[in-house]
Amino acid sequence: MFKYGEDFLGVNEVLALVKGELQGNISEKVLVEIQNSTHWVNEIVASSDVVYGINTGFGPLCDTKISESQTSELQHNLLISHSVGVGEPIALHLAKAMMICKVHSLCKAFSGIRLETIQRILWMIEEDIIPSVPCKGSVGASGDLAPLSHLFLPLIGLGEVFHKGEKFQTADLLKSFKKESLILGPKEGLALINGTQFILAHAVFGVARLFHCLEIADIVGALSLEGLMGSAKPFDKRLHDIRNFEGSQWVAQRLRSLLSDSEILEAHLDCDRVQDPYSLRCMPQVHGASRNAYIHLKQLTEIELNSVTDNPIVLGSHDSISGGNFHGQPLALPLDYCTLAAAELGNISDRRCYLMLEGRYGLPRLLLEDTGLNSGFMIPQYTTAALVSENKSLCFPASADSIPTSLGQEDHVSMGSISGRKFHTVLDNLEYILAIELLYAAQAIEFRRPLKSSKVLEEVFAEVRKQVDFATKDRSFSYDINTLHQLIKSPTLTTIISQKINANNTYEQHCIN
């Protein structure tokens, strides 16, 4: 049982809570702290103190005083006026993660929100009632205002929700559960919609997806190296000890383990090839650099998961601070960096695909013996080239831009929500690129028979051949690509590897379960 506001919330815990593999609750200790925080807000409302968002307007209206009798209407109006997102709804797992992240932040008891409101969000999580949240509209500065407004419209009986695969008007679904909509108390609307939970949910799932792609890239890269009869000497531990980047060390170790006892490697130890192209030789450096970026994003994501990012922060009786913890810049920058890291995995993968088509190192040109009448594997590389090019265009950092909003009150914004969305688009493309490289590598290895690769890579190869046959003539490779894309996305290949090779204990803390 996960205790909101008290336990450490890591990426693995969010994923487990979203899947329902872990349940969350609120301890008695945190209940008391939440009630104290609510009491302090009520003290401010009853006093002559002027505190932003509790008894004032919002943004450029921060100088407009709001009477005690209007505080509830103020919060209601805030939620509906900020629900201006556009575009398709985000994936339901992202919206659910947003709710989980927000509950944990609110349970830190610095937000002044009522226990009743938090419990309603928890009820929605437990019943798998997921709000419809448009994907566009946040500038990632005063938090993710528009998406969070849509996320919490259902608390006041508005908006749309998904439940058991169907879409409902919130009012209709609440009626079926015999639930009333909530009337928001002082500061509650502001506490709900100030925060970085849209950016954060994208970071959480982006971290998990990038980690999986990194694991797959090493496996597929090792298969390609075998198909091209490349050398394992560049993965020697002694080489990487004298340039001791954590990501490079990890990749080199994995490649050594993946290639251990390979007959293919043994067969060309004394060949006259001096060096391999960079896409083979520099896998530890390139894949490793992307791993370093992943480590950084994961560390910062987990700091944010355990942070309070709304405004103002209520610290005690008549003690509050209006600050900028809602600003998305701490995640926007590493998200942009990891978008580049993911794109580079695709870039080097495409180069290995191209190498396997050239007819070098004993492979037939275009990976087919009878070409001319047949085009062979020429055209799938066009797809990798197109995807790599698209990814390059998405690598412009969204966080490099800022457009002032709120009549200049919010004069520097992070655009981190765009960083998060672009990151996932690049990951989508990367998964297809790796699927095409896997198709090529499996075809290339067939030309090395009767020699076999290592036991673990032969198991990976066998899994590929269960789903995609060796090609002797042209066929539509679209089916093969899509089939291997599903294999790439699944845990099948990484499970095979994890059961066969030992993990590096120094890296385990960075792994995603």
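Helices (H or I, at least four residues) and strands (E, at least two) are DSSP runs, numbered from the N terminus. The model described here is predicted.

Most residues other than glycine have a negative phi, and most peptide bonds are trans. The sites below depart from one or the other of these patterns.

## Cis peptide bonds

The N311 to P312 peptide bond is cis, and its omega is near -5°. P312 sits in the loop that runs between α14 (283-305) and β8 (313-316).

A cis bond also links R449 to P450. Here omega is near 15°. P450 belongs to the loop between α17 (416-446) and α18 (455-465).

## Positive phi at D128

D128 is not a glycine, yet its phi is positive, at about 60°. The residue lies in the loop joining α5 (115-126) and β4 (130-131). Is D128 buried or exposed, or partly exposed? Its relative accessibility is 37%, so D128 counts as partly exposed. That class falls between the buried limit of under 20% and the exposed limit of over 50%.

## Positive phi at L367

L367 is not a glycine either, and has a positive phi of about 60°. Its place is the loop between α15 (329-357) and α16 (380-394). Is L367 buried or exposed? L367 counts as buried because its relative accessibility is 0%. The cut-off for buried is under 20%.

Key
Residues numbered from 1 in each chain as written. Predicted model: local features only at pLDDT ≥ 70, side-chain atom pairs only at ≥ 80, totals over all residues. Heavy atoms only, no water. Buried < 20%, exposed > 50% of the residue type's maximum accessible area, 1.4 Å probe, protein only.
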